[in-house]
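Study the structure first, then work through each solution step by step.

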Amino acid sequence: MSNPVFFTTPGSLDHMTVGRAFVLEGTEARHAVTVKRLTPGEPVDIVDGAGTRMSGRVVAASPAGLEVECASLAVEERPATRLVLVQALAKGDRDELAIETATELGIDAVIPWQSERSIVRWKGDRAAKAHAKWQSVVTAAAKQARRAWVPEVRPAVDTAALAGLVEAAGLAVILHEDAVRPLRTVLEASLDAEAMEPREVLLIVGPEGGISPREVTRLCGKGAVTALLGHHVLRSSTAGPAAVVLASDVLGRWTVPSP
């Protein structure tokens, strides 16, 4: 069974060495002690959300701080190909469900998309609060999945801005029910054709009403391609995570190394 994970700030583990003690403070320490009820001797992982993971055992525990003796320290490199979920804003918290599940499955970054047919709108003060909420959602999901990396929630974009991101991406895929080629075929063909993995793969998911034909035309004009996930029409909250699973398999992310 994997150790429980608690987050510290990026960079705070940079100078740790085996045998030294690290003191976790703040809300994470209080959660570890008052909710998880960790006690001296129990194993725990402390991660900084930027790839560094410290494993150790609790030396002392109080609401003021959790002291952990470092037993090992590892740095997990970012994958060569990063999967980025472009999630259209959706009603009923379906967009938050999408990014939560995608984070647990291994997404590297998410981009909120204000598409033409999005009923939900991020404006003024609400935009900042909503963006913070998305970051909180992916952070909690990364913790649940025991990840060393917390996905980045990038600034929200409209379709014009998304078109620019598509043009700059290694590969941009619109998940669309009218597409002809399966997503696996699109990914495998792109990786073979490039002779090297693209730096970023954008997986673009529309809102409840789907992506408008005008948006599809505009994005494809900048280099995006359409792809089919399957014969069934998936919800906005399901399509992204399903694509992450398939893309991760194609990229070999879930391959278990030989002992």
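**Exercise 1.** Determine the order of the five strands in the open sheet, and state which strands stand at the edges.

*Solution.* In this predicted model, the open sheet has the strand order S1-S3-S4-S5-S2, and its pairing is mixed. Strand S1 (5–7) and strand S2 (21–24) each have a single partner strand, so one side of each is left without a neighbour in the sheet; these two are the edge strands. On average, neighbouring strands of this sheet are turned by 40 degrees against each other, with direction ignored.

**Exercise 2.** Describe how S1 pairs with strand S3.

*Solution.* S1 and S3 (residues 43–47) run in the parallel sense and are joined over three bridges. Next, locate the residues that face each other: valine 5 stands opposite aspartate 45 in S3, and phenylalanine 7 stands opposite valine 47 in S3.

**Exercise 3.** Describe how S3 pairs with strand S4, and what connects the two.

*Solution.* S3 and S4 (residues 52–62) pair in the antiparallel sense over five bridges.

**Exercise 4.** Explain why S3 is described as largely enclosed by the rest of the structure.

*Solution.* A residue counts as buried under 20% relative accessible area. Four of the five residues of S3 are buried, and therefore S3 is largely enclosed by the rest of the structure.

How values were computed: Residues numbered from 1 in each chain as written. Predicted model: local features only at pLDDT ≥ 70, side-chain atom pairs only at ≥ 80, totals over all residues. Heavy atoms only, no water. Pairing = 2+ DSSP bridges. Axes fitted to C-alpha atoms, helices over the stretch in contact; angles between N-to-C directions. Buried < 20%, exposed > 50% of the residue type's maximum accessible area, 1.4 Å probe, protein only.
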